[in-house]
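This report concerns the fold of one protein chain. The sequence and the coordinates are shown first.

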Amino acid sequence: MSTMNADGIIRPDETDNQTNKLYFAAWRWHFYAGLYVIPFFMILAITGMCMTWIAFIDGRDGERIPVAIQETILPVSEQAKTAVAAIPEGTLVKYMAPMEKDLAAIFQVSHDGNAFMVAVDPYQGTVVGQLPRRSGWYDFVDNIHSDLMLGVTGDRMLEIAASLGMVLIATGLYMWWSRDRGLRATLLPSFAKGGRATWKSLHGVVGIWLSFFLVFFLVSGLAWTGIWGGKFVQAWSTFPAEKWDNVPLSDETHASMNHGRKEVAWALEQTPMPNSGSIVGEAILPEGTPVNLDTMDALARKIGFEERYQMNIPKNEAGVYTFSRDSMSTDSADPMSDRTVHVDQYTGKVLADVRYEDYSWAGKAMAVGIALHMGTLGLWSVLANTLVCLSVLFLCVSSIVLWWKRRPAGSVRLAAPKLPKDMPLWQGAALVGLGVSLAFPLAGLTILTGMVLDQLIISKVPLLKRAFS
């Protein structure tokens, strides 16, 4: 029978029964997954928390710049002229209507491949703010959170971390529940013994309560990644363009409207854009109405876009006007009010009108999930996300403390939990590993690579064997 020391710690060599062998095998996987995951989780928690508060307090593109309310709002076309004049030889890309009556309107203007955000007082028609696109603090932190500022390489590194995070959660839950400590000790921390036992209790209890929320954040984050999200999930959850009454389609997808960050609804990113220049579509405006910024703004308001919405301007002869509102872009606090409308730039006819209820079940789940993930549902979601991020940071710090207190004094090796010999139920473990590999390919590839390195290199080189033992 295994024994515990005064701190309530079972030593790695005390693995004399089947239960302990499974426990230490799970602990070893938990340990090595944590070695990779911890630094990335700390980065994601800190940057995620910063992004949530920056967006809530200051906005992402200057959309929270205050202005004095007056009686008359200038036509959108006049506001746009002011914005474009601020960027010599610039081209209008997008109009973002104010969230409230006392806030500035935002125009995205492009020049020579560079994008600028120009804030305009909708009453005075004066520029009240200007900055290069994605040059603010939100975008700096977002670049780290999205891909570590390393592009595709960073995206893959974070996808591996998120995938291994699922392994970390599964092994952690097994380890904490498998010990016969009673329901109270499982769900509530104990401070009686102090030292490492208290840290272990806090780590386990916080992990139990956080596990569901952490799985949610990992899955919703993975849905944006290049392989698991783009190749496995998003590809078969895309809104089918065939529902658009045979409107002419472009070779470009909705993702072409992303300007340096995710701005298009997840369920639409891989759906082809419609083209202008046909006779199809639904006529909403009176016949003979000219198509320009002002009539398009009037059309958007007429069909239900109230307060904040975004209007993308056609970028070529086949392009369309696109009205959109979604919680991911902080246009609203209700993800179930997401809506995207495409309008022919020549006839002013509505070519497509996609709403939340038109999404697939996965698209609906992501619309709500992204809003929760980003904390765009109001102050309560900002506070909730902050609590989750702080809890993740605590788990990371407490795991380091636990390792530090467990390691042999003066040792420079990792002091990883030993892998038990004669593992019971190894076939089941192999099936679990296969399942992880199929569900999260990069996690499976990473685990396989680690096993190969362990067998062919680490176990054969005495210095490495000792360092990783």
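The model is predicted, with local features requiring pLDDT of at least 70 and side-chain atom pairs counting only at pLDDT 80 or more, whereas totals for chains, interfaces and linings use all residues. Residues are numbered from 1 along each chain as its sequence is written, and side-chain values use heavy atoms, with hydrogens and water left out.

**Composition**

The protein has 13 helices and ten strands; these are DSSP runs numbered from the N terminus, helices being H or I of at least four residues and strands E of at least two. Of its 469 residues, 48% count as buried, that is, under 20% relative accessible area, while exposed means over 50% and partly exposed lies in between (1.4 Å probe, protein chains only). Among contacts (heavy atoms within 4.5 Å) between residues at least 6 apart in sequence, 63% join residues at least 24 apart.

**The sheet**

Eight strands form an open sheet in the order S4-S3-S2-S1-S7-S8-S9-S10, with antiparallel pairing; two strands pair if DSSP finds at least two bridges between them. Because S4 and strand S10 (350–355) each have a single partner strand, they stand at the edges, and one side of each is left without a neighbour in the sheet. On average, neighbouring strands are turned by 20° against each other, direction ignored.

At one end of this order, strand S3 (residues 114–120) pairs with strand S4 (residues 127–132) in the antiparallel sense over five bridges. One of these links joins valine 120 to its bridge partner in S4, valine 127. The two strands form a hairpin with six residues between them, and glycine 125 in the turn has a positive phi of about 70°.

**Helices on the sheet**

| H2 (residues 76–85) | S1 (91–96), S2 (105–111), S3, S4 | about 45° with S2 |

Which residues of H2 are buried? They are Val76, Gln79, Ala80 and Ala83. Seen down the axis of H2, the buried residues fall within an arc of 100°, so they line one face of the helix; the arc is that of the directions from the helix axis to the C-beta atoms. Their cover includes S1, S2, S3 and H8. The face turned away from the buried side of H2 carries the exposed residues Lys81 and Ala85.

**A helix pair**

Helix H6 (residues 195–222) and helix H9 (residues 361–374) pack at an angle of about 115°, their axes lying 10 Å apart. Phe216, Phe217, Ser220 and Gly221 of H6 make the contact with Met366, Gly369, Leu372 and His373 of H9. These residues divide into four nonpolar, four polar and no charged.

Arginine 134 has a positive phi of about 60° although it is not a glycine, and its place is in the loop between S4 and helix H3 (137–147). Threonine 330, in the loop between S8 and S9, has a positive phi near 60°. Threonine 330 is buried, with a relative accessible area of 15%.

How values were computed. Axes fitted to C-alpha atoms, helices over the stretch in contact; angles between N-to-C directions. Nonpolar A, V, L, I, M, F, W, Y, C, P; charged D, E, K, R; others polar.
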